[in-house]
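Please go through the structure below by question and answer. The questions begin with a single side chain and then widen to the chain as a whole.

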Amino acid sequence: MSESLSRSVAGKVVLVTGAGSGMGRATAEVFAAEGALVALTDLAGSAIEDIAADLRAKGHQARAWVLDVSDHVAIRAVVPEVAAAFGGLDVLVNNAGISSFCPIDDEEHYDLIWDRAVTVLLTAHQRLIRAALPFLRQSSSPRIVNIASTEALGATSRDSPYCAAKAGVTGLTRALAVELGKEGITVNAICPGPIVTGMTEKVSEADKEVFAHRRTALRRYGQPEEVAHMTLSLCLPAASYITGVTIPVDGGLMARNA
Ligand code: NAP
């Protein structure tokens, strides 16, 4: 089979941000299980060292790098380190994220939360992409996946910093898909709905149940692996004609009216 039709990421080098928890962790694990070389990055004190060690113990190829995605200098240092350690870079998964709820009339906190949301959820994506581009340009199947949210497509009250940043991610995705398409680099976004991760762990089981029954078609929260498998699909060499799209992985939340 020619590489362009391959359904394998074996041997591909994948960098995942926010890989110490939730969907980032699941993404790292799914890619590693498929034979990719995985660079797990996250904040200092995260679980990435342990996760990478577990993956290596299972015979997979994985290494951990501390990377705060709000640190422009660190991004410029870590991305080339990953490429040097693994001999290139084929896939960037911009996943790291934070909740950013704040009412619009909260004069004391709004600007701070807005700035943090835009820095971590949106600016970091373009900075990672710019740092990764020289290496992605050397790849035979370069892929970028940005993790947005259904909050980029609809909105929850008091979530405007997050919604604005995530909508920015979908705009960035389209714009860079168009700009980089002539080089064969695909850029896509995934919009997870309610997923069981660190970000939603403070929501009680009872509240999760009520929300999922009222709002999703599948009547349940999703698991991080269910998002990770869509990320993997978009990164296959065979996914060479999909770019600029925003795919909800939301159990039918966006489809459901009643
Ligand atoms: P999670 O379990 O909290 O994982 C997010 C990871 O990103 C954590 O390890 C977190 O570290 C890390 N992180 C936070 N700030 C960072 C920074 N400045 N630099 C590097 N890493 C940082 O949450 P998740 O749900 O898997 O989130 C993954 C992505 O999905 C996020 O972009 C989120 O916005 C998006 N999303 C989540 C849901 C959902 O329902 N869970 C729905 C839609 C979209 P700490 O734990 O130390 O903060």
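Q: Is W65 buried or exposed?
A: The model is predicted, so local features need pLDDT of at least 70 and side-chain atom pairs pLDDT 80 or more, while totals for chains, interfaces and linings use all residues. Residues are numbered from 1 along each chain as its sequence is written, and side-chain values use heavy atoms, with hydrogens and water left out. Buried means under 20% relative accessible area, exposed over 50%, and partly exposed in between, with a 1.4 Å probe and protein chains only. The relative accessibility of W65 is 6%, so W65 counts as buried.

Q: How many aromatic pairs does a search of the whole structure find?
A: Rings of Phe, Tyr and Trp (its six-membered ring) pair if their centres lie within 6.5 Å; planes under 30 degrees apart count as stacked, over 60 as edge-to-face and the rest as tilted. With the whole structure searched, the number of aromatic pairs is three.

Q: Which kind of aromatic pair do W65 and F86 form?
A: The ring centres of W65 and F86 are 6.0 Å apart. The angle between their planes is 75°, and the pair is edge-to-face.

Q: How far apart in sequence are the parts that the pair of W65 and F86 ties together?
A: Helices (H or I, at least four residues) and strands (E, at least two) are DSSP runs, numbered from the N terminus. W65 belongs to strand β3 (residues 61-66) and F86 to helix α3 (residues 72-86), so the parts tied together are separated in sequence by 21 residues.

Q: What is the C-alpha to C-alpha distance between E81 and W65?
A: E81 is found in helix α3 and is partly exposed, with a relative accessible area of 42%. E81 and W65 are 16 residues apart in sequence, and their C-alpha atoms are separated in space by 9.0 Å.

Q: Which residues of α1 are buried?
A: Helix α1 covers residues 22-33 and has 12 residues. It is mostly covered, as nine of its 12 residues are buried. These buried residues are G22, M23, G24, A26, T27, A28, V30, F31 and A32.

Q: Against which elements do the buried residues of α1 pack?
A: Contact means heavy atoms within 4.5 Å. By that criterion, the buried residues of α1 pack against β1 (13-16), β2 (37-42), α2 (48-57), β4 (91-94), β6 (186-192) and α7.

Q: Where does α4 bend?
A: Helix α4 (residues 110-136) has 27 residues and reaches 37 Å from its first C-alpha to its last, close to the 39 Å expected at 1.5 Å a residue. The expected span is 1.5 Å times one less than the number of residues. The bend at a residue is the angle between axes fitted to the seven residues ending there and the seven starting there. α4 bends by about 40°, and the place is T123.

Q: What is the radius of gyration of the protein chain?
A: The protein chain has seven helices and seven strands. The globule rule gives 18 Å for 258 residues, and the chain's value is close to that, so the chain is as compact as a globular protein of that length. The radius is taken over C-alpha atoms, and the rule is 2.2 Å times the number of residues to the power 0.38. For this chain the radius of gyration is 18 Å.
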